[in-house]
Amino acid sequence: MDYSGLSDEMLLRLIAHSDESALSELYDRYSRLVYSVALNTLSDPAQAEEVTQDVFERVWEKAQTFSAEEGRVVTWLSSIARHRSIDMFRRSRTHHEDLQVAWQDIELADLRDGHNVEWEADLERRQKRIRWAVSQLPVEQKMAVGMAFFLGLSHPEIAQALGEPLGTVKTRIRLGMQKLRLLLQDEQPE
Amino acid sequence: MVAENDLHVLDLLPAYVLDALNIGEFNRVVEHLAGCAACQAEYLSLQKIADELPLALRQSAPPGRVKASLMQAIHERKAGTRHPTGLTFWQKLGRIFSRPLITAGAALILILAVSNVWLLNQNRRLSELSNQPWQVVTLVNPETSSSASGILIIDSMGQKGTLLVDNLAALGSAQQYQVWLIRSSERVSAGVFSVNQQGHASLIIQASDPLTNYEAIGISVEPFGGSINPTGARVLDGTIGH
């Protein structure tokens, strides 16, 4: 059976019935994403590998609980990866200096060509849109948004790490997210 | 005069979807969202943006060994077997006791030791059981009219409990309920769980200290897999007596 043409939701249904090949296909599609989320948070390849395996083991155990009405599979996967990584990050880090998030420049996007299946084309389109939108943010807003989302830091922790006033950090996060929404509502690059 | 945004939580929502709020701000947003359609719409549109952010990261592939290890673990789990690469404790023990004389002597000592310990434990348990009844803790949400409820039955030794919950709302796939044992300012996680379609779930509760050493038990909504400290709304709580 060729799994590459199946939707993410169909793969999860098969995984819920203990289909190892379906899990293998889902891993091939999204292990880069899961590993990158973990690596950005933890800055430690060994810990990122541990999180990656853990996320897909949880998928194996919890596939039957996924509901397509509540979101996409890729969002579910990255959410598990982010929360698991932030938990590990909080246990292992006691200070917040020299923290960065590696946003992908749109010009350097490593995207494969020749997409024959719907899921792959959709993923590429969404990657291009969000990478373009993030690239339009001022660097300070980009940094504040990334530290909050991927490192799980609160406003005061980000202010302390950046050496900026608390109000400034709050404003950067608010303006950054509002600008991203505005950009993504308008015309997008194809 | 109060500004429109002060009445709503619009300014807090961008940080809310990024999980950057402190607990006070977080609770204010959660309470407000429950009854404000305008802020709910704003929240949903910002959450969609947050959901896309992971796709904007620079991506790297994990080493091939991660997939190999994952698939091996899954395969063994499916088959109901585990094949550790090194010798287990029991395998090592088996090698030590492979000689007959050592095995016979050790077995005799072991039988005598185990039987003495067992008899002592039985005596202690019997005397304790006669003095301490099982404790039943009722869990409710006193702040809402929710029909959700729970019950924690703690054994007579205070070491272990069985938690049963009823009529809890089924959560999305990104969230789970988390159990907290509470003592003064300390919050100790006692496990995460999901409920079935009927809102039922049961869970064995254990901690490093006896359950009766804690003052209360609470259940909150947390990201899937749980949090280090409570971050979500508390849906049930109960007081543990002593």
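Start by selecting Phe149(A): with a relative accessible area of 4%, Phe149(A) is buried, where buried means under 20% relative accessible area, exposed over 50% and partly exposed in between (1.4 Å probe, protein chains only). Keep in mind that this is a predicted model, in which local features need pLDDT of at least 70, side-chain atom pairs count only at pLDDT 80 or more, and totals for chains, interfaces and linings use all residues. For finding your way, residues are numbered from 1 along each chain as its sequence is written, chains are lettered from A and ligands numbered from 1 in the order in which they are written, and side-chain values use heavy atoms, with hydrogens and water left out.

Next, colour Arg82(A), which lies over the face of Phe149(A), 3.8 Å from the ring centre. A charge sits over a ring if NZ of Lys or CZ of Arg is within 6 Å of the ring centre and within 35 degrees of the ring normal. For another example, hop to chain B: Arg183(B) lies over the face of Tyr214(B), at 4.3 Å from the ring centre.

On to ring pairs. Rings of Phe, Tyr and Trp (its six-membered ring) pair if their centres lie within 6.5 Å; planes under 30 degrees apart count as stacked, over 60 as edge-to-face and the rest as tilted. How many aromatic pairs are there over all chains? The count comes to 6. One of them joins Phe66(A) and Trp76(A), a tilted pair with 5.3 Å from centre to centre and 45 degrees between the planes. Phe66(A) sits in the loop between α3 (45–62) and α4 (73–92) of chain A, while Trp76(A) is in helix α4, 10 residues apart. Helices here (H or I, at least four residues) and strands (E, at least two) are DSSP runs, numbered from the N terminus. Both Phe66(A) and Trp76(A) are buried. In chain B, select Tyr16(B), Phe26(B) and Tyr43(B), which ring pairs link into a cluster.

Time for helices. Show α1 (residues 8–16) and α2 (residues 20–42) of chain A: they pack at an angle of about 140 degrees, with their axes 8 Å apart. Axes are lines fitted to C-alpha atoms, for helices over the stretch in contact, and angles run from 0 to 180 degrees between N-to-C directions. The crossing of α1(A) and α2(A) is left-handed, meaning that the near helix is turned anticlockwise from the far one by less than a right angle, with clockwise being right-handed. Among the residues meeting here are Leu12(A) and Ile15(A) in α1(A), and Leu23(A) and Tyr30(A) in α2(A).

Zoom in on Leu11(A), which is in helix α1 of chain A and counts as buried at 0% relative accessibility. Leaving aside its neighbours within four places in sequence, Leu11(A) is in contact (heavy atoms within 4.5 Å) with Tyr3(A), Leu6(A), Ala22(A), Glu25(A), Leu26(A) and Arg29(A). Ala63(A) is 52 residues away along the chain, and 9.3 Å separates its C-alpha atom from that of Leu11(A).

Last stop: the whole of chain B, with 7 helices and 8 strands. Of its 242 residues, 35% are buried.
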